[in-house]
Amino acid sequence: MNEYDVVIVGAGAAGLSAALYTSRRRLKTLILSKDMGGQTATTMDIENYPGVDFSTGPDLMKNFAAQAKKFGAELVLDEVIGISRDGQKFSVSTKSGKTYSAKAIILGLGKRPRELDVAGEEKFRNKGVVYCATCDAPLFKDKIVAVIGGGNAAFDSALLLSKIAAKVYLIHRRNEFRAENILVERAKQTDKIEFILNAIVDSIEGKDFVDSVVISTPSGKKTLAVEGVFVEIGQIVPSSFIKGLVELNDAGEIIIDNVNQTSASGIFAAGDATIVPFKQMVVSAGEGAKAALAAYNYIQGQSLDTATADQGYIK
Ligand SMILES: Cc1cc2nc3c(=O)[nH]c(=O)nc-3n(C[C@H](O)[C@H](O)[C@H](O)COP(=O)(O)OP(=O)(O)OC[C@H]3O[C@@H](n4cnc5c(N)ncnc54)[C@H](O)[C@@H]3O)c2cc1C
């Protein structure tokens, strides 16, 4: 039986919080997600989630999921590849070939790292090509690595790696940085970091694992011997499969109103994937709760922002 009241796409802070709220409202809830925990599951240090002094990301997300499951939410690991309107309901199709029906949809798609799109990147993914320095920096102890990018994330990664790796090349396509000055100054004072500016990555090379990166600089092509390539060139919303279904801004973020309704009636969105600023866990979790309550009101046929005395407190 693949019929649900609500299908939530994404098991990050937004999707799992939404699931807690919809399942506590006795809505039959399914979470479909490519992975468990989203971006939070890629960090080992969370110390700014209220009420939780310290947690690893994976542990905190496991607690989010367990709490939602306690109230009946189901979680299936699968990628959603299409959503279409089917009369009064929605039809949701997944990569594994399954189809689910729902009265309302909540999108908690989050963000994922932008790729370089160069030869060798896909081949050496997790074999030297890394998108999360916090997760994988320890694997590069005493090795030579390259960080690609010029924003805060690139500098955070380079500074972290400078404490672990033998040497860090910071490769940036411009000669100025988007990163905060304080980070740039710290990196400039760190002997192990060498800046290579006005340089574009042409390819990532190796046999079984990365052994070099080829770059184009104003003085010609260069091959740098590195065992790790940390790609830190920003993030994108994985929203291509919903283009045309809901309105997106130029950055691909989902446009929502103050109760998380997208441009399509019955489809709600929350978290990093939306236009809401400050991409943080606590923000995503709160937005997930709002989307869930609005979806509940939608299914009940009530005004979306109806606030009742027991809003959110149903036992
Ligand atoms: C390294 C790192 C450290 C961080 N540290 C902190 C911190 O200390 N404190 C803090 O507050 N924030 C931190 N953040 C930010 C925080 O993790 C995000 O704000 C939060 O994860 C956003 O939650 P979300 O649910 O909106 O999206 P995400 O966590 O990105 O989750 C989105 C989910 O949707 C799934 N998904 C996407 N598309 C599909 C699809 N088509 N089908 C199925 N599933 C799909 C993804 O697989 C993922 O599970 C950190 C982020 C990173 C990367």
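The model is a predicted one, in which local features need pLDDT of at least 70 and side-chain atom pairs count only at pLDDT 80 or more, while totals for chains, interfaces and linings use all residues. Residues are numbered from 1 along each chain as its sequence is written.

Helix 1 also packs against helix 2 (residues 57-70), their axes coming within 8 Å and crossing at roughly 20°; axes here are lines fitted to C-alpha atoms, for helices over the stretch in contact, and angles run from 0 to 180 degrees between N-to-C directions. The two helices, helix 1 and helix 2, are therefore roughly parallel to each other, the term being applied to angles under 35 degrees. In their contact, defined by C-beta atoms, placed from the backbone, that lie within 7 Å, Ala 13, Leu 16, Ser 17, Ala 19, Leu 20 and Ser 23 of helix 1 meet Met 61, Phe 64, Ala 65, Gln 67 and Ala 68 of helix 2. This contact comprises eight nonpolar, three polar and no charged residues.

Helix 4 (residues 152-162) and helix 5 (residues 181-188) pack at an angle of about 30°, with their axes 10 Å apart. The contact is made by Asn 152, Phe 155, Ala 158 and Leu 159 of helix 4 together with Leu 183, Val 184, Arg 186 and Ala 187 of helix 5, and by class it has six nonpolar, one polar and one charged residues.

Five strands form an open sheet in the order 8-15-9-10-11, with parallel pairing, two strands being paired if DSSP finds at least two bridges between them. Within this sheet, strand 9 (residues 144-148) is joined to strand 10 (residues 167-171) by five bridges, and Ala 146 has Tyr 169 of strand 10 as its bridge partner. Elsewhere, strand 4 (residues 80-86) and strand 5 (residues 89-94) pair in the antiparallel sense over six bridges, forming a hairpin with two residues between them, in whose turn Gly 87 has a positive phi of about 65°.

Note on methods. Helix = DSSP H or I, 4+ residues; strand = E, 2+ residues; numbered from the N terminus. Contact = placed C-beta atoms within 7 Å. Nonpolar A, V, L, I, M, F, W, Y, C, P; charged D, E, K, R; others polar. Parallel < 35°, antiparallel > 145°, perpendicular 65-115°, else oblique.
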